[in-house]
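Here are my notes on this entry, written as numbered points to be read alongside the coordinates.

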Amino acid sequence: KKQKSLKAGRAPRVLVIASAKDSAVQIRDDISLLLGEQLIVKAVFVGPSVQKNQKVIAGGLDVLVGTPERLSELVSADLVSLKRVRSVVVDAAEQFVAKSFRDTFNSVIGPIFQSKSAEDSTGDATEEGNKRQIVVLGQDIPKWLKNYATSQVG
């Protein structure tokens, strides 16, 4: 049974961090193929301007897929709200060994796990409160990322 998505303009509930543009596009397409019209899935990445990426997500979405650099730019410019995010997926974690990625991750997902609760489309806290998930996928996950995931959720 298909579920209706919430109103347009809403912030994402799921954030997927991909290592590169091609990965972000593939993940977006795969999720869309699997879930059909149940969820609105958008991808943002370096290449198009920040303003073009902001227009892509302005109508609202359920799942946001993006590269760390572009997500950081959008968050820093306050062009996307991650207050409703309840699940974070980090794909190809072995690609994120460099310290620069650690700093970018902290700026993007740090606030998600620091806020007290996920908010619904009205800005009210969800009944699940502050329960959030992080899934880290990769062949060789950097130690700092394992530690981060464990400390934020554990």
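1. Arg132 has a relative accessible area of 8% in this predicted model, and because buried is taken as under 20%, this arginine counts as buried. Arg132 is placed in the loop between α4 and β5, the latter covering 133-136.

2. Which backbone atoms does the side chain of Arg132 reach? One is the backbone oxygen of Val85, at 3.1 Å from the side chain of Arg132, and another is the backbone oxygen of Ile112, which lies 3.2 Å from a polar atom of that side chain.

3. Turning to the aromatic residues, a search of the whole structure gives three aromatic pairs. In one of them, Phe96 and Phe105 have ring centres 5.0 Å apart and planes at 75°, so the pair is edge-to-face, and both Phe96 and Phe105 are buried.

4. Phe105 also pairs with Trp144, the ring centres being 5.5 Å apart and the planes at 70°, so this pair too is edge-to-face. Phe105 and Trp144 are both buried.

5. Taken together, the ring pairs join Phe96, Phe101, Phe105 and Trp144 into a cluster, in which Phe105 takes part in the pair with Phe96 as well as in the pair with Trp144.

Methods:
Residues numbered from 1 in each chain as written. Predicted model: local features only at pLDDT ≥ 70, side-chain atom pairs only at ≥ 80, totals over all residues. Heavy atoms only, no water. Phe/Tyr/Trp six-rings, centres within 6.5 Å; stacked < 30°, edge-to-face > 60°. Buried < 20%, exposed > 50% of the residue type's maximum accessible area, 1.4 Å probe, protein only. Helix = DSSP H or I, 4+ residues; strand = E, 2+ residues; numbered from the N terminus. Polar contact = N/O pair within 3.5 Å; in protein donor to acceptor, adjacent residues only side chain to side chain.
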